[in-house]
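Here is a short report on one model.

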Amino acid sequence: MADYPTSFGKDDLLKCARGELFGPGNAQLPAPPMLMMDRITDISGDGGPHGKGHVVAEFDITPDLWFFECHFPGNPIMPGCLGLDGLWQLTGFNLGWRGWQGRGYALGVGEVKLTGMVRPERKMLTYYVNFTKAVQTRRLTMGVADGIVEADGEVIYQVKDMKVALSES
């Protein structure tokens, strides 16, 4: 395990987006507006319900967020795919946090349930990523995780078997 802190503020996440946190060619978050979190409050390589690692992060919701204006005009809702992307972003971040090398790529997700919506009056999303598998071999670096997104404490998205890989090519 690399020697990184177990929580990160917005400035740290922006460093990661610029490729400065884990080094050039390694796991990188997208830059705003696609960065789907404001802070990571807890991260580990051996925590969570399966003992394989976890991430908890938060995203502040404000009525002026870019997606509310266009999805859908007159009926603003955050696209569910952005919540899923936030979970993938955090899964890849955890692999880089472990000190594993390579650029992150989402490989898929086994199951997605969207049971609520993010409207402009919401205040905060909380992401929970719980690894079921984290593998690093000579040929493969991959994390498999389940995820939950809560809006103001209400579970609105649930995913199973998210897969993110790191590749040095």
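## Strand pairing around β5 and β6

β5 and β6 run antiparallel and are joined by eleven bridges. Helices (H or I, at least four residues) and strands (E, at least two) are DSSP runs, numbered from the N terminus. Two strands pair if DSSP finds at least two bridges between them. This is a predicted model: local features need pLDDT of at least 70, side-chain atom pairs count only at pLDDT 80 or more, and totals for chains, interfaces and linings use all residues. Residues are numbered from 1 along each chain as its sequence is written, and side-chain values use heavy atoms, with hydrogens and water left out.

A hairpin is formed by β5 and β6, with four residues between them. Tyr128 stands opposite Ile148 in β6. Ile148 in turn stands opposite Gln158 in β7. Strand β6 (residues 141-151) and strand β7 (residues 154-167) are antiparallel too, joined by nine bridges. These two strands also form a hairpin, with two residues between them. Asp152 sits in that turn and has a positive phi of about 50 degrees.

How many residues of β6 are buried? Ten of its eleven residues are, and the strand is mostly covered. Buried means under 20% relative accessible area, exposed over 50%, partly exposed in between (1.4 Å probe, protein chains only).

## Strand β2 and its partners

β2 pairs with strand β5 (residues 124-136) in the antiparallel sense, over seven bridges. On another side of the pairing list, strand β1 (residues 39-44) and β2 are antiparallel over five bridges. His54 takes part in both pairings: Ser44 stands opposite His54, and the bridge partner of His54 in β5 is Asn130. Six of the seven residues of β2 are buried, so the strand is largely enclosed by the rest of the structure.

Glu58 is found in β2 (residues 54-60). Is Glu58 buried or exposed? Glu58 counts as buried, at 18% relative accessibility. Its side chain makes a polar contact with the side chain of Arg39, at 2.6 Å. A polar contact is a pair of N or O atoms within 3.5 Å; within protein, one must be able to donate a hydrogen and the other to accept it, and residues adjacent in sequence count only if both atoms are side-chain atoms. Not counting residues up to four places away in sequence, Glu58 touches Met37, Asp38, Arg39, Thr41, Met124, Leu125 and Thr126. Contact means heavy atoms within 4.5 Å.

## Two residues compared with their surroundings

Met162 is placed in strand β7. Met162 counts as buried, at 0% relative accessibility. Leaving aside neighbours within four places in sequence, its contacts include Leu87, Trp88, Thr91, Val129 and Gly143. Met162 and Trp88 are 74 residues apart in sequence, yet 7.1 Å apart in space, C-alpha to C-alpha.

Leu114 lies in strand β4 (residues 111-114). Leu114 is exposed, with a relative accessible area of 51%. Beyond neighbours within four places in sequence, Leu114 is in contact with Gly80, Ile156 and Tyr157. Leu114 and Gly83 are 31 residues apart in sequence and 9.7 Å apart in space, C-alpha to C-alpha.

## The largest pocket

The largest pocket holds about 240 Å³ of space. Of its 15 lining residues, the closest to the centre are Gln28, Trp88, Gln89, Gly104 and Tyr105. On a 1 Å grid over the protein atoms alone, a pocket is an open set of points where a 1.4 Å probe fits, with protein on both sides within 12 Å along at least five of seven lines; lining residues have an atom within 4 Å of a point. Grid points are joined across faces, edges and corners, and a volume is the space filled by probe spheres set on the points.

Which element gives the largest share of the lining? That is α3, with five residues. α3 (80-97) and β3 (103-108) each supply at least two lining residues.

## Cysteines

The count of disulfides is zero, a disulfide being a pair of cysteine sulfur atoms within 2.5 Å. Cys70 is in no disulfide; its nearest cysteine sulfur, that of Cys81, is 10 Å away. Cys70 is partly exposed, with a relative accessible area of 48%. Cys81 is in no disulfide either. Cys81 counts as exposed, at 53% relative accessibility.
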